[in-house]
Amino acid sequence: MQLLFHLENTIKQAFSPEREVLKMNEPGLEKAMDTLQYLSQDSDARRLYEARQKYLHDEASMLGSAKMAGIKKVAKNMLTLNLDIATIAKATGLTEQEINSLRK
């Protein structure tokens with residue numbers, strides 16, 4: 001933990017004026033700096049950060065699931081219209097195997 005704190009201070013001192021520019025130009029560096037900043041926070045801040053990250057992950061997962069459910073519903077509707085599998089695959093992004101499994 002002390003090493004991380006020291007590293008964060010070193011980064012702040014060395015790149016203070018250019019830090020924001022570096023973060024904008026180097027996405028990997030931005031993530032590393034953000035992680036270092038996170039790791040140097042107190043335990044309450046870290047707990048809140050982790051809770052927020054979990055919420056964002058859960059929300060993204062739910063949205064992804066809802067999107068896939070909508071795509072599958074559209075594909076089923078297209079099957080009922082007797083559209084060919086290749087057209088349905090092209091329109092939905094599903095594989096032919098996924099589309100065939102919707103027929104059941």
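In which helix is Thr92 found? I find Thr92 in helix H5, where helices are DSSP runs of H or I with at least four residues, strands are runs of E with at least two, and both are numbered from the N terminus.

Before going further I noted that this is a predicted model, in which local features need pLDDT of at least 70, side-chain atom pairs count only at pLDDT 80 or more, and totals for chains, interfaces and linings use all residues. Residues are numbered from 1 along each chain as its sequence is written, and side-chain values use heavy atoms, with hydrogens and water left out.

Confidence came next. The chain averages a pLDDT (the predictor's confidence in each residue, from 0 to 100) of 80, and 70% of the residues score at least 70. Helix H1 (residues 2-15) has the lowest confidence, with a mean of 56, whereas helix H5 (residues 85-92) has the highest, at 95. Where pLDDT is low, the predicted coordinates should not be read in detail.

For the overall make-up, I recorded six helices and zero strands. Of the 104 residues, 16% count as buried, meaning under 20% relative accessible area, with exposed being over 50% and partly exposed in between (1.4 Å probe, protein chains only).

I then returned to H5, where Ile85, Ile88, Ala89 and Thr92 are buried. They cover an arc of only 100° around the axis, taken from the directions from the helix axis to the C-beta atoms, and therefore lie on the same side of H5. On the other side of H5, Lys90 and Ala91 are exposed. The cover over the buried residues of H5 includes helix H4 (43-80) and helix H6 (96-102).

Is Thr92 itself buried or exposed? Thr92 counts as buried because its relative accessibility is 14%. I looked for its polar contacts, which are pairs of N or O atoms within 3.5 Å, one able to donate a hydrogen and the other to accept it within protein, with residues adjacent in sequence counting only if both atoms are side-chain atoms. The side chain of Thr92 reaches the backbone oxygen of Ile88 at 2.7 Å, and a polar atom of that side chain lies 3.2 Å from the backbone nitrogen of Leu94.

Leaving aside neighbours within four places in sequence, Thr92 is in contact (heavy atoms within 4.5 Å) with Ile71, Val74, Ala75, Met78 and Ile99. My last entry is that H5 is followed by Gly93, whose phi is positive, near 85°.
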